[in-house]
Amino acid sequence: MDLAEEIDRLYGTPLDEFVRERDQLARKLTRDGDREGGARVKALRKPTVGAWALNQAVRRRRAETDALLATGKRLRAAHEDLLNGGDPAVLRETMEKERSLTSALADCAEAIASETGKSGPALRDRVRATLHAAAVQEEAREELAAGRFTREREAVGLGPFGSELAAGGAPSKPAERRAPERRGGRRATKRGRTASGRERRAAGGRGAAAERGAAAERAEAEPAAVPDPRFVEAERSLAEAREALTGAEADHAATLSDAESAKEALEGAEAAEREARRIVRELGREVAKQERRVDRMRPKP
């Protein structure tokens with residue numbers, strides 16, 4: 001048995017059959033002597049409705065899925081280039097391509113969920129957020145490539161453009177630098193700052209140090225606007241609330257999956273008990289029949 005193929009098949013089954021198919025596969029592996037494989041399969045979580053629908057969309061729309069994975073790589077590269085002075089038009093173009101592919105897959109997932117009567121008003125938005133996450137997060141990319149999502153995800157980690165990507169917007173073009181000013185009798189030119197930036201990148205690559213240096217130069221050339229402290233606090237509170245909501249939703253999905261697994265396990269145990277009781281009754285009747293037969297055949301004294 002190819003375990004990877006069996007797991008792929010499992011994530012392609014109808015959602016209502018997932019737990020039963022999973023437990024049957026785990027028992028078969030254990031009976032065949034593969035206890036480790038059986039334990040691995042038994043630990044697989046039942047997908048949420050949105051994750052399940054997305055898994056099926058991945059299987060139906062493989063070409064769009066592969067294109068989205070490739071576009072995600074280009075998106076991260078374009079983001080890094082922009083931080084190092086690249087053309088923002090490249091990032092905008094790549095994000096437009098990513099949004100187009102995301103919409104196609106999200107539409108497919110929503111249609112699949114509707115076919116089974118499991119579609120909800122927020123399902124498409126959750127699926128879109130999950131696909132955006134797959135564009136920028138390695139773990140989510142692996143789940144997308146395999147079609148093995150168990151829960152929805154939220155896109156984070158694309159620097160200043162993360163929220164714009166998740167919302168389906170386009171990145172704003174960085175503000176033009178002001179004309180160079182004289183400092184201490186010397187004129188700090190844009191060419192000098194660019195050359196200095198190249199030297200730092202050559203010495204330290206594209207690491208955090210180079211980005212901090214570039215940010216410092218921009219701050220020196222153009223003073224940043226001071227945001228309203230109340231806005232900053234409100235934005236921070238909103239981010240924390242969103243993070244808490246995402247965690248709570250993930251916990252709810254996990255506990256719901258566990259509850260469904262326990263319910264189905266209980267139903268299976270009750271069915272097994274009923275079957276065992278039936279067998280006991282039948283064997284009891286057979287024993288009584290044989291006893292009567294023996295009594296009739298026993299020699300009389």
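Author: A crossing of two helices is right-handed if the near helix is turned clockwise from the far one by less than a right angle, and left-handed if the turn is anticlockwise. The model discussed here is predicted.

Reader: How many helices and strands are there in the protein?

Author: Read along the sequence, the pattern is α-α-α-α-α-α-α-α-α-β-β-α-α-α. Buried residues make up 30% of the 301 residues. Of the contacts with a separation of 6 or more, 68% join residues 24 or more positions apart. The elements in the protein are 12 helices and 2 strands.

Reader: How many residues of the contact of H4 with H7 are charged?

Author: On the H4 side the contact has Val49, Gly50 and Leu54, and on the H7 side Leu123, Val127, Thr130 and Leu131. The contact divides into 5 nonpolar and 2 polar residues, and the number charged is none.

Reader: Which distance separates the end C-alpha atoms of helix H4?

Author: Helix H4 covers residues 49-60, which makes 12 residues. At 1.5 Å a residue, a span of 16 Å should result.

Reader: How many of the 12 residues of H4 are buried?

Author: A residue is buried when its relative accessible area is under 20%. In H4, this holds for Gly50, Ala51, Trp52, Ala53, Leu54, Asn55, Gln56, Ala57 and Val58. Their cover includes helices H1 (3-11), H5 (62-83), H6 (88-115), H7 (123-136) and H8 (138-146). H4 is therefore largely enclosed by the rest of the structure, and its buried residues number 9.

Reader: How many of the 14 residues of H7 are buried?

Author: H7 reaches 21 Å from its first C-alpha to its last, close to the 20 Å expected at 1.5 Å a residue. Its buried residues are Leu123, Val127, Arg128, Thr130, Leu131, His132, Ala133, Ala134, Ala135 and Val136. H7 is mostly covered, and the number of buried residues is 10.

Reader: Are H6 and H7 parallel or oblique to each other?

Author: The axes of H6 and H7 lie 9 Å apart and form an angle of about 140°. Angles over 145 degrees would count as roughly antiparallel, and 65 to 115 as roughly perpendicular. The two helices are therefore oblique.

Reader: How many residues of the contact of H6 with H7 are charged?

Author: H6 passes H7 in a right-handed crossing. H6 contributes Glu98, Arg99, Thr102, Ser103, Leu105, Ala106, Asp107, Ala109, Glu110 and Ala113, while H7 contributes Leu123, Arg124, Val127, Arg128, Leu131, His132 and Ala135. Beside 8 nonpolar and 3 polar residues, the charged ones number 6.

Reader: Is alanine 146 buried or partly exposed?

Author: Alanine 146 lies in helix H8. Leaving aside residues up to four places away in sequence, alanine 146 touches Asp8 and Arg59. The C-alpha atom of alanine 146 is separated by 8.3 Å from that of asparagine 55, which is 91 residues away along the chain. Because its relative accessibility is 31%, alanine 146 counts as partly exposed.

Notes. Residues numbered from 1 in each chain as written. Predicted model: local features only at pLDDT ≥ 70, side-chain atom pairs only at ≥ 80, totals over all residues. Heavy atoms only, no water. Helix = DSSP H or I, 4+ residues; strand = E, 2+ residues; numbered from the N terminus. Expected span 1.5 Å × (residues − 1). Buried < 20%, exposed > 50% of the residue type's maximum accessible area, 1.4 Å probe, protein only. Contact = heavy atoms within 4.5 Å. Axes fitted to C-alpha atoms, helices over the stretch in contact; angles between N-to-C directions. Parallel < 35°, antiparallel > 145°, perpendicular 65-115°, else oblique. Nonpolar A, V, L, I, M, F, W, Y, C, P; charged D, E, K, R; others polar.
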